[in-house]
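The following note sets out numbered remarks on a two-chain model. Please read each point with the sequence and the coordinates at hand.

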Amino acid sequence: MNSFLPELTNVYFNYLLLSSVLFCIGVIGVIIRKNIIIIFMSIELMLNAVNLLLVNFSNMHNDPNGQVFVFFIMVVAAAEVTVGLAILVMVYRNSGSVNIDTLKNLKG
Amino acid sequence: MINFIWLVPLLPLIGFLLLSFGSRKFSEGISALIGCGSILGSFIITAVTFVSFLSGDHAAVKVDCFDWISAGTINISFSFLIDSLSLMMMMIITGIGFLIHLYSSSYMHGDEGFTRYFSYLNLFIVSMLLLVMGSNYVVMFAGWEGVGLCSYLLIGFWFKNDPYNDAAKKAFIMNRIGDLGFLMGLALIFKTFGTFDYQEIFTAAPQIFNPNNLDTTIMIAITLLLFIGATGKSAQIPLYTWLPDAMAGPTPVSALIHAATMVTAGIYMIIRSNVLYSMAPTTLAIITGIGIATAIFAATIGLVQNDIKKVLAYSTVSQLGYMFFALGLGAYNTAFFHVMTHAFFKALMFLGAGSVIHAMSGEQDMRFMGGLRKKLPITFITFLIGTLAIAGIPPFAGFFSKDEILAAAYAQSPILWGLGLLGAMFTTFYMFRLVFLTFFGEFRGTSDQAHHLHESPWKMTVPLMILAALSTFGGFLGVPEVLGGSNWIKSFLGSVINYEHGPVAHHLDHATEYTLMAASVGVALVMIIIAWVVYGVKKQVPSRNEAEFNAPTKLLYNKYFIDELYDILFVKPFYYLSKLTHSIIENKIIDGFVNAIGWLVGFGGQALRVLQNGSVSFYLFLMVMGTTLLLTLVTYFIKN
């Protein structure tokens with residue numbers, strides 16, 4: 001375990017750990033939940049976890065590039081949410097439910 | 001004029017192209033004009049070159065046309081070698097070719113394939129000219145293949161008749177079997193000498209191979225393989241069966257291709273390569289054996305045939321056997337002399353037979369002819385001259401050439417001379433049998449045919465007369481010293497044929513030669529009298545009921561059942577192998593393999609279809625899992 005993950009006794013390690021935990025929660029949310037809105041929220045959670053990680057590393061290496069990249073990710077996340085929610089609204093209007101298993105016309 | 005020699009094959013080539021493209025639009029007159037005119041032009045150029053060559057010093061001239069193949073160390077140029085041998089062959093080809101073209105313009109009148117016929121004939125002349133004019137083995141081979149192709153096209157000319165197509169295929173396939181031997185010989189030549197050019201090979205050969213060390217394996221191999229090609233092209237045992245079947249083509253085709261030119265290609269090739277053959281006496285012995293065997297074998301079959309063209313076909317095979325017989329004895333110039341005289345009298349007889357068939361409204365069976373000499377006088381007289389020539393009666397052409405062959409045979413061994421004389425006896429007998437059955441006696445055909453009997457028009461009789469004159473006087477080109485002549489042909493060909501390094505020439509004393517000549521003429525006269533007694537006086541006609549033949553006649557009539565033998569030995573196993581290949585390799589293995597690929601694709605599709613079940617949560621799960629797997633691999637397992 002020690003060779004796996006060099007334990008930094010500084011503050012940067014804490015942010016790393018937090019970011020990983022948030023990311024994993026996000027992934028599990030995407031896999032497990034049935035409500036489309038919750039899945040979108042989990043995706044957002046993953047994106048934000050990555051943002052946190054990037055800021056942390058940028059601070060660690062004193063390199064502003066990481067924070068610049070965070071802006072890009074935020075823009076992309078906003079655009080993606082727009083489109084995703086628009087699709088969600090249409091799906092709800094057509095099928096009356098936000099369960100992810102409603103659109104199953106393509107048979108296996 | 002020699003610089004214009006490339007016009008000689010070019011004119012018929014232009015004729016071929018014009019005629020093949022205008023096949024539907026040209027009238028008979030235009031087609032005949034183009035076809036005959038191109039050959040006449042070639043003949044005139046050849047004749048002028050020949051005359052100027054005669055007055056010169058008989059040195060060979062190489063005319064380069066263009067660089068043909070150059071790849072690495074191989075440099076083959078498309079060039080012609082004009083020397084005494086090639087010029088004489090060119091004279092024969094264009095001269096007799098022109099006569100036959102003229103004859104055909106009348107014989108093929110009314111045929112719907114008239115233009116196509118002349119285009120094929122012109123193509124044949126081009127190929128044959130290339131064969132004899134080439135200065136290296138590759139140009140010769142190009143012409144060799146070309147004449148084989150034209151033979152196929154012309155034999156199967158009336159293609160709506162299936163047996164004719166089979167005969168054409170048979171000719172082409174048997175030619176190709178010989179060509180395989182020829183190609184292997186060419187490959188060995190290249191490996192040994194590094195070049196295909198005649199002059200380079202023939203000057204290098206005595207240097208590479210010590211003249212005292214004859215019969216080296218490589219020389220035997222080369223000469224034997226080339227000879228195999230000659231057996232296919234020139235119809236010797238065992239590849240001769242296509243020639244009698246080739247009589248399915250129009251008669252002028254038989255005259256040109258199967259009497260005067262194509263079948264002599266093998267002999268030309270061996271004369272051209274005489275330097276190589278003189279170094280391999282074993283091959284020469286084999287050639288002698290096969291030659292005399294073919295001569296006698298074919299002559300015996302010709303004794304009982306009833307179709308006039310078949311008799312002439314077997315006679316051709318037999319005479320070709322004599323030419324190879326002469327080649328094997330080392331008498332190259334004699335073989336060429338016989339090629340020339342044979343071209344004259346055999347073309348004459350084939351054209352005469354065509355005239356008879358034309359008069360008999362297409363009938364070819366001699367049992368239905370008879371007494372035609374009254375209605376077809378010119379045909380009769382010219383045909384008789386041809387028959388006298390082939391029988392070897394002086395002063396006709398055949399006497400000089402055949403006698404030279406027999407003398408060369410006697411100088412090696414009296415037994416060979418005896419066999420040659422035996423073949424000559426058979427030849428005389430069956431040729432005069434033909435004459436007596438066709439032209440003497442009572443007419444045995446239908447009354448319709450009797451009404452149609454008429455002498456042929458001038459376009460057919462004038463070539464007959466010219467060839468008859470050549471058959472009469474052509475022999476004087478090679479009068480031997482013993483009779484006071486200077487054997488002009490022998491000295492003319494001296495620049496091509498190497499007499500010093502050749503097999504030792506046996507000289508017979510004059511008394512022996514006179515005896516031999518008297519013997520052959522005497523024997524021929526006796527056979528003529530016997531034939532006259534049987535067919536002229538007793539007026540025996542071969543029975544029309546073939547079941548009545550006695551056993552020897554049946555054997556000969558059915559050509560010793562050789563065709564049936566080849567069928568069992570080669571054709572049927574080949575068909576069986578072909579069926580086997582089709583049912584097992586084609587249907588099971590190859591089809592199976594291709595079908596398996598298709599089935600595999602389908603199966604894969606079925607298996608992968610499960611992945612698309614429409615459930616989005618399933619897709620998400622797979623995405624996550626896939627990404628995780630990829631990242632794990634990249635981080636932990638793929639380390640450079």
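Throughout this note, two residues are said to be in contact if their C-beta atoms, placed from the backbone, lie within 7 Å. Helices (H or I, at least four residues) and strands (E, at least two) are DSSP runs, numbered from the N terminus. A residue is buried if 20 or more other C-beta atoms lie within 10 Å of its own, exposed if 12 or fewer, and partly exposed in between, with C-beta atoms placed from the backbone.

1. Basis of the model. This is a predicted model, in which local features need pLDDT of at least 70 and side-chain atom pairs count only at pLDDT 80 or more, while totals for chains, interfaces and linings use all residues. Residues are numbered from 1 along each chain as its sequence is written, and chains are lettered from A and ligands numbered from 1 in the order in which they are written.

2. Chain B overall. The secondary structure of chain B consists of 25 helices and two strands. Its C-alpha atoms occupy a box of roughly 115 × 65 × 50 Å along the principal axes. Chain B has 640 residues, of which 49% count as buried. Among its contacts with a separation of 6 or more, 80% are between residues 24 or more positions apart.

3. Chain A overall. Chain A contains three helices and zero strands, in the order α-α-α from the N terminus. Of its 108 residues, 8% are buried. Contacts joining residues at least 24 apart make up 44% of those in chain A between residues at least 6 apart in sequence.

4. Helix H6 of chain B. Which residues of H6(B) are buried? They are B:Ala167, B:Ala168, B:Lys170, B:Ala171, B:Met174, B:Asn175, B:Gly178, B:Asp179, B:Phe182, B:Gly185, B:Leu186 and B:Ile189. The cover over these residues includes helix H5 (137-155), helix H7 (198-208), helix H8 (217-233) and helix H9 (242-245) of chain B. The expected span of a helix is 1.5 Å times one less than its number of residues. For the 32 residues of H6(B) (residues 162-193) this gives 46 Å, and the end C-alpha atoms are 46 Å apart, which agrees. After H6(B) comes B:Gly194, with a positive phi near 75°.

5. Helix H5 of chain B. H5(B) is mostly covered, with 15 of its 19 residues buried.

6. The largest nonpolar core. A nonpolar core is a set of buried Ala, Val, Leu, Ile, Met, Phe, Trp, Tyr and Cys residues joined through C-beta atoms within 7 Å. The largest one has 200 residues, and B:Phe124, B:Leu129, B:Ala326, B:Ala335 and B:Ala347 touch the most other members. Helix H15 (residues 332-359) of chain B gives the most to this core, namely 17 residues. At least three core residues come from each of domain 1 (1-198 + 234-265) and domain 2 (340-557) of chain B; the domain bounds come from an automatic or database domain assignment. Leaving aside residues up to four places away in sequence, B:Ala326 touches B:Ala331, B:Thr334, B:Ala335, B:His338, B:Ile405 and B:Ala408.

7. The interface between the chains. Eleven residues of chain B are in contact with eleven residues of chain A. On the chain B side, H25(B) supplies the largest share, five residues. By class, this side has five nonpolar, five polar and one charged residues, where Ala, Val, Leu, Ile, Met, Phe, Trp, Tyr, Cys and Pro count as nonpolar, Asp, Glu, Lys and Arg as charged, and the others, Gly among them, as polar.

8. The axes of helix H1 (residues 11-32) of chain A and helix H25 (residues 616-637) of chain B come within 8 Å and cross at roughly 145°. Axes here are lines fitted to C-alpha atoms, for helices over the stretch in contact, and angles run from 0 to 180 degrees between N-to-C directions. A:Val27, A:Val30 and A:Ile31 of H1(A) meet B:Leu620, B:Phe621 and B:Val624 of H25(B). The residues of this contact are six nonpolar, no polar and no charged.

9. Backbone points to inspect. The peptide bond from B:Ile237 to B:Pro238 is cis, with omega near 0°, and B:Pro238 lies in the loop between H8 and H9 of chain B. B:Ala235, in the loop between H8 and H9 of chain B, is a residue other than glycine with a positive phi near 55°. B:Ala235 counts as buried because it has 31 C-beta neighbours inside 10 Å. A:Asn62 also has a positive phi, about 55°, although it is not a glycine; it counts as exposed because it has 7 C-beta neighbours inside 10 Å.
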